[in-house]
Amino acid sequence: MGKISSISATDWQTVLLNLARSYSFYAPVSFNGSMDYELIDEDNAGEIVYNHPKPSTPLKTFFLPVKENVTADLKEQKPALIMGAPSCDLAALDILDEMYLNRDYTDIYYKNRRKNSILIGYDCQSMLENCHCTSYGINPFPEKNFDLLLIKLDDNLLLQSGSAKGTAMLKELENHARITEAEENDIKRIEEKRADLREVLTQKNNKLPGYDSSGRLIKASDDNIWKSYASTCVSCGACATICPTCTCFLLIDRPDFEKIRQLDACQYPGFERVAGDEDPLEELPVRFKNRYQCKYVWKPLKFKSIACTGCGRCIETCIGKINKNELLRELASENKV
Amino acid sequence: MKDDNIYKPLRAKLVEVIEESPTIKSFVLEPEREFSFATGQFVELTLNGIGEAPFTPSSSPLVKDKMEITIMKAGYVTEKIHKLNPGEIMGIRGPYGRGYPLEEFYGKEIMVLGGGCGFAPLRSLLYNLEAEKDRVKKVTFCYGSKNPAECIYKPYIDNLRKMDKFEVYRTVDEADESWAEEVGVATVLLDKVEVNIDDSVAVVCGPPIMMKFGVMKLLEMGYTDKQIYLSMEKNMSCGLGKCGHCMMGEYFVCMDGPVFRYDEIKDQPNIWK
Ligand SMILES: Cc1cc2nc3c(=O)[nH]c(=O)nc-3n(C[C@H](O)[C@H](O)[C@H](O)COP(=O)(O)OP(=O)(O)OC[C@H]3O[C@@H](n4cnc5c(N)ncnc54)[C@H](O)[C@@H]3O)c2cc1C
Ligand code: SF4
Ligand code: SF4
Ligand code: FES
């Protein structure tokens, strides 16, 4: 596992308060049965949830806010510390970085927010009903795109650095708390937990086709399955809004040549409408299928990174009770017959 | 360049408005600094506070201090642009995308098929080919529009007809007594022209329906998929391969196009919509 440091739960409480003073510090807090990032201060630092899968809001929102003026001057901001990102959301940053940083045109607002934040990833220690990261080659513990990794074990918190920023942060923490090397036994327990959860996820999703096969199945599918699944879709766009890898947007004009980048979704009617009222996505089943084709067929041809990380949010959020994985399993089973 | 703000438009002064037809006007812009584009590439034009839309400059890419954009009244933004008077400050972003691959045209006969406002990008191409006419065998320009009043760029057409190596054919859907040329949809012109197909490429730009029938006709005549070039019109917002609006199957039309060779796109969904 590499070098792991350990800090006691009591010391960690002090550390948290220090962090809350130096950073815009976000961490998952639970309420009404769901869990989401909240700005942390001394009042709620005790309520932070550890190593539970998946805040409601995907990580992308920190870097691509729903609405942002993309013609304003870049402002100096208090650095953001974002704690509690699960492995699926961290993996989703790959395709965002490819799109907003590494293509021919860099989005300086995205770049600035990425640069100005520190990411603390969490191991997941349980799964939610629709989690399927392992089906797409992602482990339920972060392996990339984090600065620090945090795992809570009873009275200790274990920390691992994943970047130069993370290493610097660990150094900084040493000023406020006693940080020791993690016990052999604790590391072993983590490794066991990881292997167990991975097994549970794999078992639970054993009928789900993998990422590449899903693409092939979608490509070969006929219209009927899309008509049938789209029959309860109300084009609310929630599936795209909540998805950590969907970032389609619309530029909106304001006076003084100001432009607002606003999150958009291919599920909204009119997304591809052109003058003369032609609209390739006019029919609901076609529009519904578009999102699946984009994720599993087209994006893989354009990008090195995958466009679904298996977080399951689109399934949980769908008002039409459409289950993406049920659709993919159905495609897979039809194909075998 | 990397840390430039990709969303911020360059200011450009509108210096002249030319009425081309009852529904089409050309707008001559003077960008605040020199602006280069390759023929077939497009720009995002901002009408301050109102909106932004993609257009392909219709002027010669060899002219760098001014740029002409020809716009058909088609909806919200274009109607407001049509109301503008010289002096207005507009915004431009770009140039974006992949234009016409002139290197693949050199040494050949070039069949250019245009319909309606699709003449706009084609005029830029024709300007470019005029400047390089030593490098091509022949240019045959076929143009169709709704009626004689909607035939744009009349003075330009008159000049083009006098140009050595250039042939011009025109048709209208509905003729009146002033009209002495062909009548019928644009593709009827393809029956009139003489072209050595093996040694030729075809370029098509116009409304989707015209592009579709144009391509079908060219294929019927014996052109192969790889000899046909199309300028695709899709909904666009960013022009930068990010917003997702222009996706046509695996392509971002704004970056991978707007000009495509037919074999590249013929298996993608909804290309004619
Ligand atoms: C690469 C390219 C080059 C073009 N070149 C020219 C040209 O040289 N001359 C010309 O007259 N027209 C050209 N067009 C078409 C022109 O962009 C549309 O006519 C224009 O966007 C219509 O805007 P509107 O607000 O007036 O129409 P509306 O129908 O009112 O538009 C409403 C909404 O739909 C969207 N929309 C509608 N049609 C289009 C469209 N075709 N492309 C993008 N978004 C659209 C707009 O973003 C807007 O949000 C080109 C289009 C593309 C993609
Ligand atoms: S969340 Fe469900 S109902 Fe809403 S657009 Fe997506 S598939 Fe349709
Ligand atoms: S498509 Fe659904 S499961 Fe996949 S990353 Fe997006 S929200 Fe998560
Ligand atoms: S126009 Fe935004 S991705 Fe092509």
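Ligand 1 is surrounded by 23 residues, and the closest of them are A:A275, B:P54, B:M72, B:Y76 and B:T78. The model is a predicted one. Ligand 1 lies between chains A and B. Nitrogen atoms of the ligand come up against the protein backbone at several places. On the chain A side, a backbone N or O atom of A:A275 is 2.5 Å from a nitrogen atom of ligand 1. On the chain B side, a polar backbone atom of B:T70 is 2.8 Å from a nitrogen atom of ligand 1, and for a backbone N or O atom of B:T56 the distance to a nitrogen atom of the ligand is 3.2 Å.

From the ligand one can turn to the interface of the two chains. Here 43 residues of chain B are in contact with 42 residues of chain A. Together the two chains bury about 3700 Å², and 58% of this area is on carbon and sulfur atoms. Three residues, B:Y7, B:K242 and B:H245, account for 19% of the area that chain B buries against chain A, more than any other three residues.

A salt bridge joins the side chains of B:E52 and A:K259, at 3.3 Å from N to O. On chain B, at least two residues of the side that touches chain A come from each of strand 4 (51-55), strand 6 (89-96) and helix 5 (253-256). Strand 6 of chain B gives the most, with six residues. By class, the side of chain B that touches chain A consists of 16 nonpolar, 14 polar and 13 charged residues.

Chain A itself has two parts, domain 1 (5-204) and domain 2 (211-334). The centres of these two domains, taken over C-alpha atoms, are separated by 27 Å. Between them, 36 residues of domain 1 of chain A are in contact with 40 residues of domain 2 of chain A. The two domains bury about 3000 Å², with 53% of the area from carbon and sulfur atoms. On the domain 1 side of chain A, A:K60, A:I95 and A:Y136 supply 23% of the area buried against domain 2, more than any other three residues.

Four salt bridges are counted between domain 1 and domain 2 of chain A. The side chains of A:K54 and A:E316 also meet in a salt bridge, at 2.9 Å from N to O. Across the interface of the two domains of chain A there are 25 residue pairs in polar contact, both residues being at pLDDT 80 or more. Strand 4 (67-69), helix 3 (87-100) and helix 4 (108-115) of chain A are the elements that give two or more residues to the side of domain 1 that touches domain 2. Helix 3 of chain A has the largest share of that side, 10 residues. The residues of this side of domain 1 of chain A divide into 20 nonpolar, seven polar and nine charged.

Ligand 2 has residues of chain A around it, including A:C233, A:C236, A:C239 and A:C318. Others in its surroundings include A:Q267, A:F288, A:I319 and A:I322. The shell around ligand 2 holds nine nonpolar and three polar residues, and no charged ones.

Chain B is also divided, into domain 1 (10-96) and domain 2 (102-231). The C-alpha centres of these domains of chain B lie 23 Å apart. Contact involves 19 residues of domain 1 of chain B and 15 residues of domain 2 of chain B. The area buried between them is about 1300 Å², and carbon and sulfur atoms give 57% of it. B:E20, B:T39 and B:S58 lose the most area on the domain 1 side of chain B, together 34% of what that side buries.

One salt bridge is counted between the two domains of chain B. B:E68 and B:R123 form a salt bridge in which the closest N and O atoms are 2.8 Å apart. Residue pairs in polar contact between these domains of chain B number 10, both residues being at pLDDT 80 or more.

Technical notes
Residues are numbered from 1 along each chain as its sequence is written. Chains are lettered from A and ligands numbered from 1 in the order in which they are written. This is a predicted model: local features need pLDDT of at least 70, side-chain atom pairs count only at pLDDT 80 or more; totals for chains, interfaces and linings use all residues. Side-chain values use heavy atoms; hydrogens and water are left out. Contact means heavy atoms within 4.5 Å. Buried area is the accessible area (1.4 Å probe) that two parts lose on being put together, summed over both. Helices (H or I, at least four residues) and strands (E, at least two) are DSSP runs, numbered from the N terminus. Ala, Val, Leu, Ile, Met, Phe, Trp, Tyr, Cys and Pro count as nonpolar, Asp, Glu, Lys and Arg as charged, and the others, Gly among them, as polar. A residue is near a molecule or strand if one of its heavy atoms lies within 4 Å of it. Domain bounds come from an automatic or database domain assignment. A polar contact is a pair of N or O atoms within 3.5 Å; within protein, one must be able to donate a hydrogen and the other to accept it, and residues adjacent in sequence count only if both atoms are side-chain atoms.
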